[in-house]
Amino acid sequence: MKSPFTIQIDKRSEDYPKWLPSATSLGAVIIAFIFCGIVLKLVGGQPLKVLGYFFTATFGSWGVFSDTLVKATPLIMIGLACSLAFKMKLWNIGAEGQFYLGAFFASMVVLVPLVPPDSPKIVILTAMVLMGMIGGAVWGFIPGILKAKYNVNEIITTLMLNYVAIYWNNYWIFGKWSDAGFQMTPMFEKTAWLPRLSDYAKQITGLSGITLHLGVVFGLVAAFGIWWIMERSRWGYEIKLIGDNPKAARYAGLNISRNIILVMMISGALAGLAGMAEVSGVVHRLQERISPGYGFTGIIVAWLAKLNPLAVIIVSILFGALIVAGREIQPSGIAFLLQGTILFMVISSDVLLKYKIRLVRNKEEKA
Amino acid sequence: MSSLSSQNSPPLAVEMRDIVIRFPGVLANDHVNLTLKQGEIHALLGENGAGKSTLMNSLAGLYKPVSGVMKVNGEVVNFNSPRDAIEKGIGMVYQHFMLVPTQTVTENILLGLKQPKFFMNLPAYDGRIHELQEQYGLKVDPTALIWQLSVGEQQRVEILKTLYRGANILILDEPTAVLAPQEIDDLMKTLRSLVDHGKSILFISHKLNEVTAVADRLTVLRKGRVTAEGIGIEGITREKLAELMVGRKVIFQVEKKEQEPGDVVLDVKEVSALNNKGFPALKKVSFNLRQGEILGIAGIAGNGQSELAEVITGLRPCSGSILINGRQAANQPPGKIINFGVSHIPEDRTGVGSAPNMSIAENTIMKNYDQEPIGSRWKINFASVREYATNLKEKYSILAPSINTMARKLSGGNLQKVILAREISCCPRMMVAVQPTRGLDVGAIESIQSLLLEQRENGTAILLISEELEELLSLCDRIAVIFEGELMGVVAAAEANLTNIGLMMTGSMRSPK
């Protein structure tokens, strides 16, 4: 009663080709869609219709595609923040808090105010960008120095600081900065808004209602910057070496403590910049729940992108689309179903990088 | 010698015929034959990766051969798990001991057995294990905790473990690799006594002198094939064995040129340091090292050698003074000591000396990535990296598909060559080499030793820490012996006396000066 074939799993002894990781990831995403389709079919849905709607609702027109990109923008920056830290095996899961603190610091520019309110737009925005990055960097510095000096586990500290940041924000928006008792600050003056494509609707028709803002450019520039750091710079080499074998790095004379602090700060600054872009480009005020968990989705993004800064852009757009689709498709759980399935499939697909799986014909049993 | 009395009656203890074992991309054993007679000591020789351990693991039930026949005591066997092998009386002692450090000897021996079931009643079993020890002359306190035992004693526990499980055929995987000279002698006596009690022994080794000292017959493997099957030990020379293993003639005596050492490069004065557990590892150690000289540090593993290397290279804090070319190096960061012109071949080549998931190229630039032309102020010039790494790969004949191959895919010898290439290429004035040839095969040892001597001729001061006395004697100008963190004495290698060094290594003697 033996089947004529067996599945033979061999450990890969040689290096896999360069394209293989991208191919398996892409395959995993496709399989995830098929799997979700089957689930939908089983519960009596119409998978193809849902899939079609998923695409029209997220990529179907410039308007919805812009919405997708708006959602992808913070994910790109946070995905990069996580990729950089993870590359050194620093488990910064505090991007959420760094995002909030970046948003808070950027808002200080307007609300304290740190620069005169009648300053030109460029001055205010530059100040907000800098403050946003400083805010995030401060929130990265704390776990960084604790890890470097006292070897405190950064997973715990970054996670805990998320709550501190959220409640710190709440203190200000419920209290001193509250807009007439609502849990939000008054809306910023237009000079504190990041330029949006719709701002140019008068000059170019067709841009009206397109909410895409300058933040996406920050994200793209950051992606290329981080790519350059990781792949071309001396510092990137140090980060990789420390991440791969800290003992070897110490032996090679690297200053590990300094690098831990530096990486945590840059990582925090990127997440902080995402927070700044969100308040200045989308919400235009500081309020509760400016992040629907970007800081955590960013971790998934970094992981799915295999810590490749350029892949972070693509994965972020996919996840931005899932967020938009979650709003459009009812029940909204379908988007989460997809998100979870994609994560599961992509992580499982790593098996293909370690093993070769072949179908072999069973030989006649020898006596 | 052994009890090979009657030729016709007892069947062979082990007979392996045409054994083929395949791993992805590798033919580990290619139609290998091996026979073990009752009551003999049979040595299995071969270079690293020759397939010795694979063959023995298949006999111990760990791997299943693709084809071939295995007989134990004349009966065809087909092992599906180590348990099957144990039932047939086969016991294997691995190179890396499988013992629980916080448990007693008896507890370790009983681990995984069906008896005792629920209540341990250890004293009763202590008694039984004591009896077993008496029988074979393997002395270890049954109530001692494993971590309190020396490596030699731990090995005895491993042997007792197999005997307690009723093993008649013992397989020992490089049993002497971890032992001090005196402990090796004890082990040889133990092996003899086991054979006298009717056990049969297979032991894996690539140390030729041990094989000639203790084995009755031997089988040599090269690249998965048998090059000598069950030949008697009489009349075999070490040179002949080496040729069978490597496939070409091996020069045993590396050529060391006479040369006068130059100025003092390293001056260590009263250096003390603690080990990882916080106990004193070095006690007021003082010595110096000159240009163009190799100073050997001899000693049994764990007597402070690792700590000494770490202290000098800035990886461990210490007290006392370390002058390198007149500059204070004690308690300086590793980066600064690298800038003093000190290179370091670390003891742990995978854990410290290399980054496993980075390429050969990236591993070769670890010490000079920040220097022109490889690194400029901000960036790394990858074209020069490729050129640099390709050169080194060629010059040091590193065997790998390309310079982009990950370090973890390299064999021990090739990885060591990568490390050596890197450390020599940054033009050291001084080199700290810790166990540079440990675990390597004859061919690799030869090339690494000649590289060290070449460095000596170039005027590099070399501190060579090794447990191989023979290596120290052939390479060093002077040999210092360390015991429990103290230097017992320094002797000139030319007039060194093996017995005295052995006595110093065990702390029973101190040289006059």
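Me: In which hand does H3(A) pass H11(A), left-handed or right-handed?
Reply: Happy to start there, and keep in mind that this is a predicted model. Helix H3 (residues 62-87) and helix H11 (residues 294-304) of chain A pack with their axes 8 Å apart. The crossing of H3(A) over H11(A) is right-handed.

Me: Let's turn to chain B. Which strands stand at the edges of the sheet with 6 strands?
Reply: This sheet is open, with mixed pairing, and its order is S16-S17-S18-S13-S19-S20. Neighbouring strands are turned by 15° against each other on average, direction ignored. A strand with a single partner has one side left without a neighbour in the sheet, so the edges are S16 (342-345) and S20 (486-492) of chain B.

Me: In what sense do S16(B) and S17(B) pair, parallel or antiparallel?
Reply: S17(B) covers residues 430-434 and is joined to S16(B) over 4 bridges. In this region, B:Ser343 stands opposite B:Met431 in S17(B). The sense of the pairing is parallel.

Me: Which helix packs on the sheet by touching S16 and S17 of chain B?
Reply: Helix H14 (residues 442-457) of chain B lies across S13, S17 and S18, running at about 150° to S18(B). The helix asked for instead makes about 175° with the direction of S16(B). With residues 412-425, this is H13 of chain B.

Me: Finally, which element gives the largest share of the side of chain A that touches chain B?
Reply: The contact takes 19 residues from chain A and 26 residues from chain B. On the side of chain A, the elements giving two or more residues are S1 (5-11), H8 (234-244) and H9 (246-251). That side divides into 5 nonpolar, 4 polar and 10 charged residues. The largest share, 5 residues, comes from H8(A).

Key:
Residues are numbered from 1 along each chain as its sequence is written. Chains are lettered from A and ligands numbered from 1 in the order in which they are written. This is a predicted model: local features need pLDDT of at least 70, side-chain atom pairs count only at pLDDT 80 or more; totals for chains, interfaces and linings use all residues. Two residues are in contact if their C-beta atoms, placed from the backbone, lie within 7 Å. Ala, Val, Leu, Ile, Met, Phe, Trp, Tyr, Cys and Pro count as nonpolar, Asp, Glu, Lys and Arg as charged, and the others, Gly among them, as polar. Two strands pair if DSSP finds at least two bridges between them. Axes are lines fitted to C-alpha atoms, for helices over the stretch in contact, and angles run from 0 to 180 degrees between N-to-C directions. A crossing is left-handed if the near helix is turned anticlockwise from the far one by less than a right angle, and right-handed if clockwise.
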